[in-house]
Amino acid sequence: MPRTLRIPRPDDFHVHLRQGEGLAAYARREALHFGRALVMPNTLPPLSGPESLSAYRAAILEATAGLSFEPLLSFKLLPGMARQTVLACAAAGARVGKYYPAGATTNAQDGIREPGEIAEALAAMEEAGLILSIHGEDQEAPALEREAAFLPVVDGILSSYPRLRLILEHLSTREGLAFVQAGPERLAGTLTAHHLLLSLDDLLGEGLEAHLFCKPVLKPAVHRDALRAAVFSGLPRLFFGSDSAPHPRVKKESGRAPAGIYSAPAALPALAGLFDQAGALDRLEPFLCSRGADFYRLPRPRGQLTLVEEAWTVPDELDGCVPLLAGQTLAWKAIE
Ligand code: NCD
Ligand code: ZN
């Protein structure tokens, strides 16, 4: 009998479902494995007000009708954003305001140059009990040093807003990890599957793999290993956010690949294999199903997802994109 792992339908606390043509397929794909997901607001135009948030939620619910899936909403913080706008986003159901440093990643040209630009919005978020989700990269620093270089900004926000709850997204370095571990209870970090599975050498060690290009860029293996050790030992305030970020194959294979990895289809089977190999399969459920929900003060996830130790080859293409680990045969699969 193959070994099986039955867990509640996991939460994905960081996903890009896009807008327009791709949305329905990406949302349905996400809903095959995940019961809830925090959807990112970096659409064009951005999700930065109550009307666009409500319309976005409706579009996702329509796309995922018949599947048990709850989108959790975030709005994009914009320079000069008013208190009233933040409170209106909260009233429309947003739980999170997302901080993108200007130019740091896909669709972040309208991002923030320094936290003073959103002082009023951050105070309003603190007042409303919203969580600040941070893409922590300093665009001025060299590519591999951007995460570490941004940590002083996060430190400044933590001290200026003593009741604000913060999440440093997609941790990719030892420095980011150590910062979260040393921080207060109101600071947490998310980890992606790809930063746990892969390193810089997978991106460019043999041939240049555009489909593995993302922000933050994959780091040398010492960083990946530190992230692995942290989740395998079950350190607190670290939980899963896939940062699944689909870009159509033609765009990824153009001369200038946009940043983003379509990881949602393979993330859970790949993580089951990774945790299993490390003898840490029992740490997977808290990573996927409880630590995030607890930090977000949400009910723990319900329903059931079954992972089974059975060979599964990741399709070469899904939804017009090349998914993470395309063409590779994994030791575990998810029963959809
Ligand atoms: C994301 C995208 O494509 O929207 N890209 C990525 O490389 N992670 C944006 C982001 O979260 O940085
Ligand atoms: Zn992202």
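Predicted model: local features only at pLDDT ≥ 70, side-chain atom pairs only at ≥ 80, totals over all residues.
View 1. A disulfide is a covalent bond between the sulfur atoms of two cysteines. With a pair counted as a disulfide when the two cysteine sulfur atoms are within 2.5 Å, the number found here is zero. Cysteine 214 takes part in no disulfide, and the nearest cysteine sulfur, which belongs to cysteine 321, is 15 Å away. How large is the relative accessibility of cysteine 214, and is the residue buried or exposed? Its value is 2%, and because buried means under 20% relative accessible area, cysteine 214 counts as buried. Cysteine 289 is likewise buried, with a relative accessible area of 3%.

**View 2. A negative surface patch that includes glutamate 209.** Glutamate 209 is found in the loop that runs between helix H8 (200–204) and helix H9 (221–232). With a relative accessible area of 38%, glutamate 209 is described as partly exposed, a term that covers values between the limit for buried, under 20%, and the limit for exposed, over 50%.

**View 3. Glycine 66 in a loop between a helix and a strand.** The loop that holds glycine 66 lies between helix H2 (50–63) and strand E4 (70–76). Glycine 66 has a relative accessible area of 86% and is therefore exposed, since exposed means over 50%.

Terms used
Residues numbered from 1 in each chain as written. Chains lettered and ligands numbered in written order. Heavy atoms only, no water. Patch = residues over 30% accessible without salt bridge, like charges linked within 9 Å, V, L, I, M, F, W, Y side chains within 5 Å. Areas by Shrake-Rupley, 256 points an atom, 1.4 Å probe, with all protein chains shown as cover. Salt bridge = Lys/Arg side-chain N within 4 Å of Asp/Glu carboxyl O. Lys, Arg positive; Asp, Glu negative; His and termini not counted. Charge placed at Lys NZ, Arg CZ, Asp CG, Glu CD. Helix = DSSP H or I, 4+ residues; strand = E, 2+ residues; numbered from the N terminus. Buried < 20%, exposed > 50% of the residue type's maximum accessible area, 1.4 Å probe, protein only.
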